[in-house]
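Subject: Structure handover

Hello,

Here is the structure I said I would pass on. Please open it next to this email, and my notes follow below.

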Amino acid sequence: MFSKLYPSVVRRLLASTMGLAGLWLSIGAGPAQAAISSDDLINAALASANQIPDGNERGMVVSSIAEERAKAGDWGAVDRILADIADVSVRDDALSQSAIIAAAAGEAERAMALVGRLSDVDGQRDATAAVAAALVRQGSVSVGIGLARAVDDTEQRFRALVDVARAMAARQDPAAGRILDDAMAVLAQVSDPGLLGRLRQSAAQAAVGMYDVPRALAIADSIPDSARRLQVLRNAALGFARAGETAGAVAAADRALEHLGDAPDAREQAFVLLDLGTALGLAGDGERARQAFAGAVEAVRGLTPETLGEIQGYVPGAAIAGNLTGFGIEFARALPDIVVRDIALRGAVAALVDAGRLAEAQAIAGEIQDGQIRDAALQYIVNGAAEAANVQVAAAAAEAIAGQQARQSATGAVAERLARNGDVNGAFDALGRMTESPEREDVALELAGIFADSGNVEAVQRAVAEVQSTENREIGTANLALAQLAAGNAVAGLEAARGLSEPTLRALVLARIATRIGAQPLDAAPLQTPPAE
């Protein structure tokens, strides 16, 4: 239930594995102060979790409690919680996550002990692969490699070695490529052609992410399925180009062009050429990039007008993404069909915003004739300008949107973006330009959540004051408690939590408090359990 009623605050809490159950407890002040420990809070949460009627929700909450105790290093509590989880799949999920947490802390033996408690062999293999990569990221490289090599299932051993290679590359370990070679050697034991192609594709993608041009191209060449090989080369060209690996981008693009005929149809050929045009442009070969874009259009010229217009509409954005701005804009302007032209200009606006060229994007948006298409282009500018903390451009673009609902949504987006950028006054100015509506309350709650994460208590109070409905005020109170906690005032956070009447939110907040205080108890009034209903 709570995932529907309180998507923002609950999502943030559970994403941090801070979640607890619906806590059907009174947290009213008792007659005297007492020391409240994290164990008190966790025990209360577990008791209340049993009162959640929905099994899936209850399992998610209990699993989250176990994971949080694992992060705190409270393995005794983890064992107790796991023992009380009746649902096998929920328990296995908690075991897997706890094992990864242990590995991230360098506790390899504990991690593998937790993996060994999983109920099925496949789950153990999956978890072992995840633990191996986590150990490498933590710095226990040889241990992680050993675990990956020890996985008995061929496919899972391959995946484990690929994950370990990725993790090693992220650490700039020069031996990462050799581990990827080990993974490829495992594929000699795979006989299914479809599976073999998918696994080789996965390895090629890993090599691209590792910026390993020779291995990426060699693996791509080994893929037997021609269409899959083309996709790998296309993605490699783009990936290397975006990473500044010019030689690798050109080499991958050349091979992709050689295999262009392997595309399943003309439309797919056109999309491949669009991506290759972007890659070649980024690699500095503007002439060949323009040829690729022209080829994309020619590939579909004999198809339906709708398909031709679709590809033409994508060219400007792809060209601008490939540093061919002038070519892309002039291509759009020259299109004879007004609707296709407007769509192409919208794509140009989006690409210019991605490149941080807001003034140019504004100018191009002004050339769009269709109102809805222009509003969509302005929405791109709103988001990009707010992200760049350009308040004036964001506000101007939002005000220029003709559709009332679209303008309202854009203004809300401005408020949220500004809040994330730390511009408190700008965020509330944008909120003030929204008309009274449920959407405005949603934005106010989002602001409360954003400011709660940064511990800005005053800003959270200001956002909560904009909320009218009882349910939303409850969320606002939860965010106020979290803001106090983020600001370092756990006692004030607990006092705010006492004002929560909705059990799930109250429990989630108490879970965060339990984590924050660690072994240091709070000097506060005790938690009190109300009479049974």
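This is a predicted model: local features need pLDDT of at least 70, side-chain atom pairs count only at pLDDT 80 or more; totals for chains, interfaces and linings use all residues.

The phi angle of Q172 is positive, at about 60°, although Q172 is not a glycine. Most residues other than glycine have a negative phi. Is Q172 buried or exposed? Q172 counts as exposed because its relative accessibility is 71%, and the cut-off for exposed is over 50%.

A second residue with a positive phi is A389, where the angle is near 60° and the residue is again not a glycine. A389 also belongs to a loop, the one between helix 22 (371–387) and helix 23 (391–400). The relative accessible area of A389 is 46%, so A389 is partly exposed.

Now the chain as a whole. The protein chain has 30 helices and two strands. Its C-alpha atoms fill a box of roughly 80 × 60 × 35 Å along the principal axes. Of the 533 residues in the protein chain, 52% are buried. If you take the contacts between residues at least 6 apart in sequence, 63% of them join residues at least 24 apart. The accessible surface of the chain is about 22800 Å², and carbon and sulfur atoms account for 49% of that surface.

Next, the largest pocket. Its space is about 670 Å³. The lining consists of 32 residues, and those nearest the centre of the pocket are G313, Y314, G317, A318 and G347. Which helices each supply at least two residues of the lining? They are helix 14 (226–242), helix 16 (266–282), helix 18 (305–321) and helix 20 (338–354). Helix 18 gives the largest share of the lining, with 11 residues.

Helix 18 also contains T307. T307 counts as buried because its relative accessibility is 15%, and buried means under 20%. Apart from neighbours within four places in sequence, T307 is in contact with R267 and V300.

A133 lies in helix 8, which covers residues 121–138. With a relative accessibility of 4%, A133 counts as buried. If residues up to four places away in sequence are not counted, A133 touches D163, V164 and A167. How many residues apart in sequence are A133 and I85? They are 48 residues apart, and the distance between their C-alpha atoms is 27 Å.

D423 lies in the loop between helix 24 (404–420) and helix 25 (424–432). D423 has a relative accessible area of 28% and is therefore partly exposed. Not counting residues up to four places away in sequence, D423 touches V391 and L418. D423 and D182 are 241 residues apart in sequence, and their C-alpha atoms are 50 Å apart in space.

That is the end of my notes.

Regards

Technical notes
Residues are numbered from 1 along each chain as its sequence is written. Side-chain values use heavy atoms; hydrogens and water are left out. Helices (H or I, at least four residues) and strands (E, at least two) are DSSP runs, numbered from the N terminus. Buried means under 20% relative accessible area, exposed over 50%, partly exposed in between (1.4 Å probe, protein chains only). Contact means heavy atoms within 4.5 Å. Accessible areas come from the Shrake-Rupley method with a 1.4 Å probe; for residues, only the protein chains shown count as cover. On a 1 Å grid over the protein atoms alone, a cavity is a set of points where a 1.4 Å probe fits but cannot get out, and a pocket is an open set with protein on both sides within 12 Å along at least five of seven lines; lining residues have an atom within 4 Å of a point. Grid points are joined across faces, edges and corners, and a volume is the space filled by probe spheres set on the points.
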